Amino acid sequence: MTEIGTVYGGALYDLASAEQLSREILGQLQALSVSFAQEPSFLKLLSAYHLSKAERCSIVQDSLGDKVHPYVLNFLKILTEKGYVRYFSQCCDAYRGQYNREHNILPVTAVSAVALSEQQSKRLTEKLEQQTGKTIELTNRIDPNVLGGMRLDFDGKSVDDTVAHRLEAVRNLLNNTIL
């Protein structure tokens, strides 16, 4: 994450938190992130240097003026004016990170060969909540290369109990065995 994302996303979070709007703003930022990912040309338009800052801000106002909270609208205008709109997703990540820390939420990605059932997701979430003391926000990502087992990714760490990882460990052991 860039310093720009951290500074601007953190500033928006501080404002939203002070006004008790952090959840509402988070929802709007997430919706915009999805929209911008589907239409990357919109962010390119907001970065177009052949348009004046006023024209770019006018595009933001006309497109989103009555659809998002004024804080989100002004945030996008500031990013557009400064030429930082390309860092929007990093700002959202910083905002989300601060939100998660303040609300004791730990996002966890469970990587498995097949989708987890609702029951498996529930049991895994409960177990992780007991172990961490945090509210777990579980996402299941399917990767056929896993073969079996599961890998948990959270807080920049990875707990790997997949068949592929075990086979790699056996391969390394055999390669390093002196006969």
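The legends below describe close-up views of a predicted model. Local features need pLDDT of at least 70 and side-chain atom pairs count only at pLDDT 80 or more, while totals for chains, interfaces and linings use all residues. Residues are numbered from 1 along each chain as its sequence is written, and side-chain values use heavy atoms, with hydrogens and water left out.

**View 1. Isoleucine 136 in strand S2.** Strand S2 covers residues 135-142; helices (H or I, at least four residues) and strands (E, at least two) are DSSP runs, numbered from the N terminus. Isoleucine 136 has a relative accessible area of 8% and is therefore buried (buried means under 20% relative accessible area, exposed over 50%, partly exposed in between, with a 1.4 Å probe and protein chains only). Setting aside residues up to four places away in sequence, isoleucine 136 touches Leu106, Val108, Thr125, Leu128 and Glu129; contact means heavy atoms within 4.5 Å. Valine 108 is 28 residues from isoleucine 136 along the chain, yet their C-alpha atoms are separated by 6.7 Å.

**View 2. Threonine 80 in helix H5.** Helix H5 is made of residues 70-82. Threonine 80 has a relative accessible area of 0%, so it is buried. Apart from neighbours within four places in sequence, the residues in contact with threonine 80 are Leu46, Arg56, Cys57, Val60 and Val85.

**View 3. Arginine 151 in strand S3.** Arginine 151 counts as buried because its relative accessibility is 19%. Its side chain makes a polar contact with the side chain of aspartate 153 at 3.2 Å (a polar contact is a pair of N or O atoms within 3.5 Å; within protein, one must be able to donate a hydrogen and the other to accept it, and residues adjacent in sequence count only if both atoms are side-chain atoms). Beyond its neighbours within four places in sequence, arginine 151 is in contact with several residues, including Thr109, Val111, Arg141, Asp160 and Thr162.

**View 4. Helix H8 and its start.** Helix H8 runs over residues 163-175. Its 13 residues should span 18 Å at 1.5 Å a residue, and this agrees with its end C-alpha atoms, which are 18 Å apart; the expected span is 1.5 Å times one less than the number of residues. At the start of H8, the backbone nitrogen of histidine 165 has a side-chain oxygen of threonine 162 within 3.1 Å.

**View 5. Leucine 147 in the loop between S2 and S3.** Strand S3 covers 149-154. Leucine 147 is exposed because its relative accessible area is 55%.
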